[in-house]
Amino acid sequence: MSWGTELWDQFDNLEKHTQWGIDILEKYIKFVKERTEIELSYAKQLRNLSKKYQPKKNSKEEEEYRYTACKAFLSTLNEMNDYAGQHEVISENMTSQITVELTRYVQDLKQERKSHFHEGRKAQQHIETCWKQLESSKRRFERDCKEADRAQQYFEKMDADINVTKADVEKARQQAQTRHQMAEDSKADYSLILQKFNQEQREYYYTHIPTIFQKIQEMEERRIVRVGESMKTYAEVDRQVIPIIGKCLDEIVKAAKSIDQKNDSQLVIEAYKSGFEPPGDIEFEDYTQPMKRTVSDNSLSNSRGEGKPELKFGGKSKGKLWPFIKKNKGAAPEDFSNLPPEQRRKKLQQKVDELNKDIQKEMDQRDAITKMKDVYLKNPQMGDPASLDHKLTEVSQNIEKLRLEAQKFEAWLAEVEGRLPARSDQARRQSGMYDTQSPATVNNCAQDRESSPDGSYTEEQSQESEVKVLATDFDDEFDDEEPLPAIGTCKALYTFEGQNEGTISVVEGETLYVIEEDKGDGWTRIRRSEDEEGYVPTSYVEVYLDKNAKGGGAAARTVTL
């Protein structure tokens, strides 16, 4: 089966068919391109959908994701984000493996097709030229034969006429011979051209055209094979992401199975439990008897303490009616004293944990800045060490503030948990606390608060009965810090400009006290006077260790980096 033998006379139809094949290929390329755009659009919409329902940071919505059902929903959102990523992979692979490759192939295919049909047209033009030469030779031969016949007839007529002179007869005879000779020459020329044309025609129909059409057939078959391979790739691109998409769906199922309704119920208890006991029965008050009416001892209004003012008929009652009456809630105090004991304990613990995390973060930042500063000192071309001084000072101040804040909340937490440590009389006076309050009174402070249905509660006792914890209770442990003793002396070999926090400037030849030797980081800690100490590069000084040497004075404070 060959186009060259079967379709030798269908040059124009083959040209149309091959152009149609290229159009089909370009149509398929357009189809794949639109599919990639759909995949990208779908992936974008999925990502936006996942982002839309993500919990907002530092909001009440974020707290709701403690529940297992909400965690499963969050896991579903994250998996849908990964699911969207796989559709982006489909788009990328189809673009690179199909669209780009086929576009390049179409350009090459067009060039090859153009070359083949140009060669075919050239062969057509050559055979047409040969045919025109043959026709011209044939017409000339025909014309010369007719002229020779007419000349022969004219000669015979002249020869038969007795009235014609011998000269005229001879002239007619020579004219006839000339025409016969011309006819013979035309005949020979026509025969030669005819043989040549037949040879060219055989080569055209049995050699040139079959070869060209065979190349066109092979080109078309390669195009068909390429389309089939692209369709396989189209399916494989989808198939490759199916396992990952399956994992995404498996994770969603796993998240759904992790939902624990009992755990969520327990979280509701932990979130809203007040720590109070339900109110007891209210006793009957007999208004027919001339006696002072009081609320029973086991009622809610008297179940949280002794010695409260009695309720009088006609007066304004201060009874605990929170199950039935919602009371207004003022601004939340810093120590969360507006909350029930259990909720207050959780809030305080949460605040302490947050402060400890902030302290650790600031300490890590301080260590990182210190290391960067050391690098700058060793390699000045990398940066100016002095540019980090302000940042180090700021971080150190933040750490100190956070520590004081954490100690304050830890004290309140200890109060709630009933484990507040004993403090000296001086600390009690500094904090403004009462000196004679018994542990029972402290325990009653939480019970004297009135809880409301929205989780808050109010105070009925005076402000004098509250326990106040101030940061001054913990200041002593910082004030008693002793300066480091001198362990030797040193002599400055070079002048050093200590522009960064924690360093000290020295002048060449100056003698100072050593209070901490080099620990392997290239720095030695020295002291000049009671209030002036810091670090210098070890290579800048000559150290003379002497365990009996004394420092600059007892009042010097240690600089901690």
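Is K361 buried or exposed, and what is its relative accessible area?

Modeller: This is a predicted model, and everything below describes that prediction. K361 has a relative accessible area of 56%. Exposed means over 50%, so K361 is exposed.

K361 sits in helix α7, which covers residues 341-378. The partner to look at is helix α8, made of residues 389-416. The C-alpha atoms of K361 and I399 lie 9.3 Å from each other in space, although 38 residues separate K361 and I399 in sequence.

Now take the two helices as a pair. Two packed helices are described by two things, the angle between their axes and the distance between those axes. For α7 and α8 the angle is about 160°, and the axes are 9 Å apart. An angle over 145 degrees counts as roughly antiparallel, so α7 is roughly antiparallel to α8. The crossing of α7 past α8 is left-handed. The contact between α7 and α8 consists of 16 nonpolar, six polar and 13 charged residues.

Helix α4 spans residues 68-160 and helix α5 spans residues 166-257. The axes of α4 and α5 are 7 Å apart, and the angle between them is about 175°. That angle makes α4 roughly antiparallel to α5. Sorted by class, the residues in the contact of α4 with α5 are 45 nonpolar, 20 polar and 23 charged.

Q153 belongs to helix α4 and is exposed, because its relative accessible area is 54%. Between Q153 and A172 there are 9.5 Å from C-alpha to C-alpha, with a sequence separation of 19 residues. Once neighbours within four places in sequence are set aside, R222 is in contact with Y105 and E112. From the C-alpha atom of R222 to that of L109 the separation is 9.5 Å, while R222 and L109 are 113 residues apart along the chain.

Helix α5 also packs with helix α2, which is residues 11-52. Here the angle is about 15° and the axes are 11 Å apart. Angles under 35 degrees count as roughly parallel, so α2 is roughly parallel to α5. The contact of α2 with α5 contains 15 nonpolar, four polar and four charged residues.

Finally, here is the whole chain as background. The protein chain contains eleven helices and seven strands. It has 561 residues, and 32% of them are buried. Among contacts in the chain with a separation of 6 or more, 70% are between residues 24 or more positions apart. The chain exposes about 36,000 Å², with 52% of that area supplied by carbon and sulfur atoms.

To return to your question, K361 is an exposed residue in helix α7, and that helix packs with α8 at an angle of about 160°.

Notes:
Residues are numbered from 1 along each chain as its sequence is written. This is a predicted model: local features need pLDDT of at least 70, side-chain atom pairs count only at pLDDT 80 or more; totals for chains, interfaces and linings use all residues. Side-chain values use heavy atoms; hydrogens and water are left out. Axes are lines fitted to C-alpha atoms, for helices over the stretch in contact, and angles run from 0 to 180 degrees between N-to-C directions. Helices (H or I, at least four residues) and strands (E, at least two) are DSSP runs, numbered from the N terminus. Angles under 35 degrees count as roughly parallel, over 145 as roughly antiparallel, 65 to 115 as roughly perpendicular and the rest as oblique. Ala, Val, Leu, Ile, Met, Phe, Trp, Tyr, Cys and Pro count as nonpolar, Asp, Glu, Lys and Arg as charged, and the others, Gly among them, as polar. Buried means under 20% relative accessible area, exposed over 50%, partly exposed in between (1.4 Å probe, protein chains only). Contact means heavy atoms within 4.5 Å. Accessible areas come from the Shrake-Rupley method with a 1.4 Å probe; for residues, only the protein chains shown count as cover. A crossing is left-handed if the near helix is turned anticlockwise from the far one by less than a right angle, and right-handed if clockwise.
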